[in-house]
Amino acid sequence: MSQPPVYFDNNATTSLAPEVLEAMLPFLTQKWGNPSSAYRFGHQLIEAIDSARASVAALMNAEPRELIFTSCGTESINTALHSALLSDPQKRHLVTTAVEHSATLKYCQHLAKRGFEITLVPVNSDGGLDLGFLEKSIRSDTALVSVMLANNETGVIFPIAEIATMCRRKGVFFHTDGVQAAGKVKLDVKELGVDFLSLSGHKFHAPKGIGLLYVRRHTRFHPYLVGGGQERGRRGGTENVANIVALGRAAELAAARLPQMETRVQKLRNQLEAEILRMIPGTTRNGPKEPRLPNTSNISFEGVEAEGILMLLDQADICASSGSACTTGSLDPSHVLVAMGCSLERARASVRFSLGIGSTDTEVKYLLERLPSIVERLRSNAPVSAGGAVQEASLSSLSDKPA
Ligand SMILES: Cc1ncc(COP(=O)(O)O)c(C=O)c1O
């Protein structure tokens, strides 16, 4: 198959925008020099990097010098955590949430094995954070608080500005994983008041292999990749000029298309969700209606394994995903849904639909035509899986799932 006809998995990754490809191509074919070289063939590329940096800075109301290009969201997140911990070696405690992406949670797991202490803030049944618990978790030896801006599975948006204020009051660094937010909601680092913010290009129509870390001006910073003096000594490694240019162009497009995301795409998502809940009995939305990313809907289908739904959707050339990882035939339930108090059975029966800027009315209709009969077919055939007890969210219950 060349192109999936109906792609409702934009939180996993997005297509490369033609405008982005056009912008980056010359840097793969003709302008392939090394920006650190003294001669013009290489040196002239600095201009392209600077221009891309200005475009990404504009997307998030940052200053260009506050941005560091990385290879992906995961590298950005690992770097922020690493930097905060090195800033004061006496501080060996981190606070994060039970519903973060594995880029954060697995790194915390790695730190815990090295003697660092990690506190996971729980969420309620709507996916909302217990801010009182968060505030009480911050100690005199806390190096950093890290809370995602929006959850990749449910789309829940967290009160980042409020948490940033709390952290500033307590003199603790604050990082937000903004990977799912770029291109979907307005980003303004000054309003958010964060010290660090991570982004990933492939979530907003740039290629895979480019990410970004915002580091607020005057914030103490310790590089993660040490080598050449690239990125003003803050990230070693020859610049991936083509991908950097691509990120700049993707940021311009994201800014221009944001109103469309907040109106047309959100309306389509609402329509898709309302119709599923209306037409198919035994369906429930996971997470609140608002505040939520405009493109994401996570729905559980009582008595059906998400794996079955996804397989039959795939046969109809529809891409969606579950928060579950399928390993050796058994489904690991989503740690996000489990943290929200969903039973294992409900967590395994949940499907995420994430629309994109290219999603159409016709595609939503196509899904709505097929989904009810898919669920009915599975309900009439499949034995209902055994339910399990609600599991405590913990670092050790994490699976190796993508996105
Ligand atoms: C919320 C969130 N954070 C971090 C990441 C990791 O980003 P990357 O794939 O660029 O490493 C993802 C990717 O799915 C994500 O959804």
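The dialogue below walks through a few local features of this predicted model.

Q: How is a pair of aromatic rings described?
A: In general, such a pair is described by two quantities, the distance between the ring centres and the angle between the ring planes. In this structure the count comes to three aromatic pairs. For one of them, Tyr 107 and Tyr 224, the centres are 6.4 Å apart and the planes stand at 75°, and because an angle over 60 degrees counts as edge-to-face, that is how this pair is classed.

Q: Which parts of the chain does the pair of Tyr 107 and Tyr 224 link?
A: The pair links distant parts of the chain, since Tyr 107 belongs to helix 6 (residues 102–113), while Tyr 224 lies in the loop between strand 8 (211–215) and helix 10 (230–233), 117 residues apart.

Q: Is Tyr 107 buried or exposed?
A: Tyr 107 has a relative accessible area of 10% and is buried, whereas Tyr 224, at 31%, counts as partly exposed.

Q: Which residues does a cis peptide bond join?
A: A cis peptide bond joins Glu 290 and Pro 291, with omega about -5°, and Pro 291 is found in the loop between strand 9 (283–285) and strand 10 (296–301).

Key: Residues numbered from 1 in each chain as written. Predicted model: local features only at pLDDT ≥ 70, side-chain atom pairs only at ≥ 80, totals over all residues. Heavy atoms only, no water. Phe/Tyr/Trp six-rings, centres within 6.5 Å; stacked < 30°, edge-to-face > 60°. Helix = DSSP H or I, 4+ residues; strand = E, 2+ residues; numbered from the N terminus. Buried < 20%, exposed > 50% of the residue type's maximum accessible area, 1.4 Å probe, protein only.
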